[in-house]
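Have your viewer ready and keep the selection panel open.

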Amino acid sequence: MESKKDFKSGFVGIIGRPNVGKSTLLNAIIGEFISIISPKPQTTRVNILGIKTKENYQIAFFDTPGMLEKTKYELHRTMIEEIKKVIEDSDVMVMMVEPFPEIGNIERNLMELIRKSGKPAILAINKVDKVLKNEILPVIDLYARENLFKEIIPISASMGDGVDILEKEIVNYLPFGEKLYPEEELSDKTERFFVAEIVREKIFNFYGEEIPYSTAVEIDEWKEEEERIYIRAIIYVEKNSQKGIIIGKKGEKIKKVGTFARIDIEKRLGKKVFLELWVKTKEGWREDRNFLKRIGYVS
Ligand code: GDP
Ligand code: MG
């Protein structure tokens, strides 16, 4: 029976308001692109599972899509339901906040849900690179008074500061158990999905307000050739007028997306890539369940 105590495994939910740095943290821990990072809120569209396996433990992280505070009640309820499910499925919670000197409404709601679940939770105070050292202590104090968190750890997900400490503490609260996934697995999503997400990330970075939210990306063809991989991706937009915006004058804009995406995809796949991008209009793709399933946005 002794041998059962030398490996830990479990699910960890990363929760927090949009833009707090959840996807950045997940990518930092896994050490690879798993989830889109963008200064725009709500870029994470689906629950993404990122898996980290070491000699003595395996952690399966949920990156949760956040919702905006100002959304209507209906959406707000959906968010609560979604987060409840993640908490239910998790062994340990990581709640992320920014180093602000007061506790916001979203944070209060999240803490309430954690409290009800009775599950161990760690607070990660992210983006501490943006504030002075002496501004962090009062924030730690503020949350410590809530008597909810097992640990409170200041981190900078984008600089990688404190991330190893956070990981260590997560493992500390994980239950003993065997591997949940094969150790070479980094996610429950396919490489195709990640390549599509890389393209979507560039769209989030290069286009204005509403365009990124209207697009979906699908990998249409993937051919392994001798010297390179040929990949054709389709960028779907909702209206014909958006097609022109994506393509840009003389195709300049889409070329930029293609170049930046290709560089990241080649890094990820470790091989030369020929990336072809097409833009298509697909009215109402958001409501098309079969389509959403096909591109992996719903399961
Ligand atoms: P999410 O919506 O919670 O998944 O947040 P993201 O991971 O997409 O990050 C939102 C924005 O915050 C991006 O522009 C990130 O580059 C930025 N960000 C994330 N972590 C840090 C950090 O530790 N320090 C700073 N200064 N910015 C960060
Ligand atoms: Mg995200």
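The tour starts at the ligand and then turns to backbone torsions in a predicted model.

**Stop 1: the ligand shell.** Select ligand 1 and show the residues around it. There are 19 of them. Asn-19, Lys-22, Thr-24, Asp-129 and Ser-158 come nearest. Now colour the shell by class. Six residues are nonpolar, eight are polar and five are charged.

**Stop 2: polar contacts.** For Val-20, go to the backbone, where a polar atom is 3.3 Å from an oxygen atom of ligand 1. On its own, ligand 1 has 580 Å² of accessible area, and the protein covers 85% of that.

**Stop 3: Asn-19.** Stay with this shell residue and check its torsions. Phi of Asn-19 is positive, about 80°, although the residue is not a glycine. Asn-19 sits in the loop between strand S1 (8–15) and helix H1 (22–30).

**Stop 4: Lys-250.** Jump to the loop between helix H7 (240–247) and helix H8 (252–269), and select Lys-250. Here too a residue other than glycine has a positive phi, near 55°. Lys-250 has a relative accessibility of 85%, so Lys-250 counts as exposed.

Technical notes:
Residues numbered from 1 in each chain as written. Chains lettered and ligands numbered in written order. Predicted model: local features only at pLDDT ≥ 70, side-chain atom pairs only at ≥ 80, totals over all residues. Heavy atoms only, no water. Near = heavy atom within 4 Å. Polar contact = N/O pair within 3.5 Å; in protein donor to acceptor, adjacent residues only side chain to side chain. Areas by Shrake-Rupley, 256 points an atom, 1.4 Å probe, with all protein chains shown as cover. Nonpolar A, V, L, I, M, F, W, Y, C, P; charged D, E, K, R; others polar. Helix = DSSP H or I, 4+ residues; strand = E, 2+ residues; numbered from the N terminus. Buried < 20%, exposed > 50% of the residue type's maximum accessible area, 1.4 Å probe, protein only.
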